[in-house]
Each structure stands twice: as structure tokens, then as C-alpha cells.
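I've got one structure to walk you through today, so let me put it up.

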Amino acid sequence: MKHSLRLPNRKELALVIGTSLAALLAAWWLYTWLALANLSLIFLTAVLACAVLASSYAAFMSALVNFVIFNVGFTEPYLSLAVYEREQLVTLLFFLLVALVVSKIAGDSRERMLALNASRLAEEQERLRSALLASVSHDLRTPLASIIGSASSLRALDAQLTPKDRYELLDGILNESERLNRYIQNLLDMTRLGHGELAIERDWISVDDLVASARKRLAGSLAGVTVHQAWDSELPLLYVHPALIEQALVNVLENAARFSPPGGHITIAAATNTDATLLTLTVTDQGPGIAPALREQVFEMFFTGNEGDRSPHGTGLGLAICRGMLGAHGGTVRAMAGPSDTGTQIIMTLPLTPPQREPRHAS
């Protein structure tokens, strides 16, 4: 067997010592009930555990350590490496041989498994990267094309344009630029969520300020619908990262506006539960709705179902980011049918009492 000569790391050393002591205690307890050959299986189990949990090198060390323990503690003369009986010597030699073979095979199998998992992870990351590029290409090109077209018209036809025409072209450039900015922000936020780099810098903010800021950012998208706000003026303040919760609300409102019919209504409602520990924000639209089977899938990355409240041309990131941002605050989000099974309700919850420790977030 070939093993690299190196010092064991802390994990390997702790695992070898821990499994060897556990095997020793188990063997002592079963010494009067089992034959010597059967006791060797207990120490062999410790070697196998090191191979599976650490590495073939740790299993190799475990095989040598358990060979010494087995010899010194369970063969005559005790507390000595000498062996008087031939049968015991054969048992010891077979144990050492099997332990070394097992450590090699199990360790190599673990390493191959880790390599396979790493390969599968790399393939999955590449698949997600390709899906991301494919899914966002349309949404990035569309506003860019509109911006380029409007800017070209302003430059080439400036003398023929009326003030109203110029205003409409500039307004289109502004709206498409803001739309493009939201797409890019979503991509950046999803990257930060995926790498666990989303810092939660909390501050106190009112629901009114959050909604007003979100509506201002979406002024162009919400121009064709009527937005109704419904909540008690005495709502408590939220202790959140304002920009993140605002972005979550923007994503939900933009989705609602995209699928609302021209002149449709969007309702934003807010309320607290009976003991004032939870705030619920509900956005209701009059769109085609989401099929019950898809109401959980719409919060997955890159899910762009071609029916209901998801566009076949969408990036599939908006609601996934919303769930990640709310989850980072200890909140939740879910989709339900609107009143009388018309449209969709996106129900977001946030705790009103600041947590003692920030919840972990990632994926």
C-alpha cells in the first residue's frame, strides 16, 4: 500500500482516537461473550468508520492503532505485543491484513464518491449558469433594444419631433432603464443569496414608507393599473433591512402588474396577528392566477412556467429572491388564489420582534 507520509490533521486524529476508544470499550464489554475472532470485527468497524468519515490515510492509521490495541489488550500475554498462542497470532495477522485492505478499498471508494459528487456539482452549476444566461437574455435585450431605439430616434429625428414626442421617448428610456436596473439587481441579489453574502443591516421603518418607495420605483410598470392600499394607520414599525424588504415587495408588485389586465386593480393589504408578533403583507392582482400545482414551484430559481402569474420570457428569479430575502429575516412567502378564485394573492409575513440571532441563509 502507498500512503503519503504526513502528519494527521485534527479531524483525522480525533476520529482515529474516538473510534478506537469506542471499539475498545465495546470489546471490553463483550470480551466474555465473544470469541477473539469476533472481537476483531469490532475493531474492524472502527477502521471502516475512519475510511468512510475521513480518508484512507485515517483508516490506515486506525488499522495500525487498533491492531496494537487488539494485540495488547486481548491476546495473551496481556499488555504485551508478544503472542503465545498460534491461533491468536493468526487471528491478529488476518485482522491486520483485512483492516489494511478495508481501509484502502473504503478510503478509495470515499474519494471516488467525493470526486463524483464534485463532478456532479460542477455539472449542476454549469447547467444553472446556462439556464441563467438563457433565461435572462431576452429580459436584458428587450429593455436595451428599447433604450437604443428611443435614443437613436432622439438623435436622428430631433428636428422633426414635437416636445410631446421627445417626452415620450425620454420617458420610455427612463422606464426601460429602471426595468433593466431591476433585472441586474435581481441577478446580483440572487448571487449574494447563493453565496451567503447577504448582510442583514436592520433598521426601523414603517410599512407606509416601504410601500411608497416600492411604488415610486415601479411608477412606470404600475401606470396601467390602479393600486389600492388597505391597512390600519397604527401598524407597528418593522425592524428589517429596508432595502432588501423593499426589493422583495418590488418583485411581487412588478409580477402583479405584469399579469394584471389593462385598467386592472392591485390591492396591497397589511395587518398584524392577534398578539402583534407577525406582520402580513398581501398583494392581490386580477391576473390569470397560478395553478395550485405550481404555487410552490413559482418560488424556485429559474422557474418560468408558461401559464399563470409567470411569463415564459421571465428570468424566474423575482419570487425566488423574494423568498430568500424574507427568509433571511425569519419571514415567509406563499401564493394563493385571489378572492373568488380570481387572480393571485402573494402573502408575505415578517416577525415584528427582532430575533436574538440572525437566521442563516444561503440557497
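I'll go through a few local spots, starting with a helix. Keep in mind that what you're looking at is a predicted model.

So, helix H5, which covers residues 163-194. Which residues make up the negative surface patch? That would be Asp 165, Glu 168, Asp 171 and Glu 178. Take Asp 171, which sits in H5. Asp 171 comes out at a relative accessible area of 30%, so we call it partly exposed.

Is Glu 176 buried or exposed? The relative accessibility is 17%, and the cut-off for buried is under 20%, so Glu 176 counts as buried. As for what is around Glu 176, leaving out anything up to four places away in sequence, it touches Pro 143, Ser 146 and Ile 147.

Next up, helix H7, residues 242-259, where you'll find Leu 244. Leu 244 is buried, because its relative accessibility is 5%.

Moving along to helix H8, residues 318-328. How many of its eleven residues are buried? Nine, so we can say H8 is mostly covered. Among the buried ones are Leu 319, Ile 321, Cys 322, Met 325 and Leu 326, and the list also includes glycines, Gly 318 and Gly 324. Just past the end of H8 there's Gly 330, with a positive phi of about 80 degrees.

That brings me to backbone angles. As a reminder, most residues other than glycine have a negative phi. So which residues here are worth a look on that score? One is Ala 276, which is not a glycine and yet has a positive phi of about 55 degrees. You'll find Ala 276 in the loop between strand S4 (265-272) and strand S5 (278-284). Its relative accessible area is 41%, which makes Ala 276 partly exposed.

Then there's Asp 341, again a residue other than glycine with a positive phi, this time near 60 degrees. Asp 341 is also in a loop, between strand S6 (332-337) and strand S7 (344-351). With a relative accessibility of 68%, Asp 341 counts as exposed.

How values were computed
Residues are numbered from 1 along each chain as its sequence is written. This is a predicted model: local features need pLDDT of at least 70, side-chain atom pairs count only at pLDDT 80 or more; totals for chains, interfaces and linings use all residues. Side-chain values use heavy atoms; hydrogens and water are left out. Patches are made of residues with over 30% relative accessible area and no salt bridge: like charges are joined within 9 Å, nonpolar side chains (Val, Leu, Ile, Met, Phe, Trp, Tyr) within 5 Å. Accessible areas come from the Shrake-Rupley method with a 1.4 Å probe; for residues, only the protein chains shown count as cover. A salt bridge is a side-chain nitrogen of Lys or Arg within 4 Å of a carboxyl oxygen of Asp or Glu. Lys and Arg count as positive and Asp and Glu as negative; His and the chain ends are not counted. The place of a charge is taken as NZ of Lys, CZ of Arg, CG of Asp or CD of Glu. Helices (H or I, at least four residues) and strands (E, at least two) are DSSP runs, numbered from the N terminus. Buried means under 20% relative accessible area, exposed over 50%, partly exposed in between (1.4 Å probe, protein chains only). Contact means heavy atoms within 4.5 Å.
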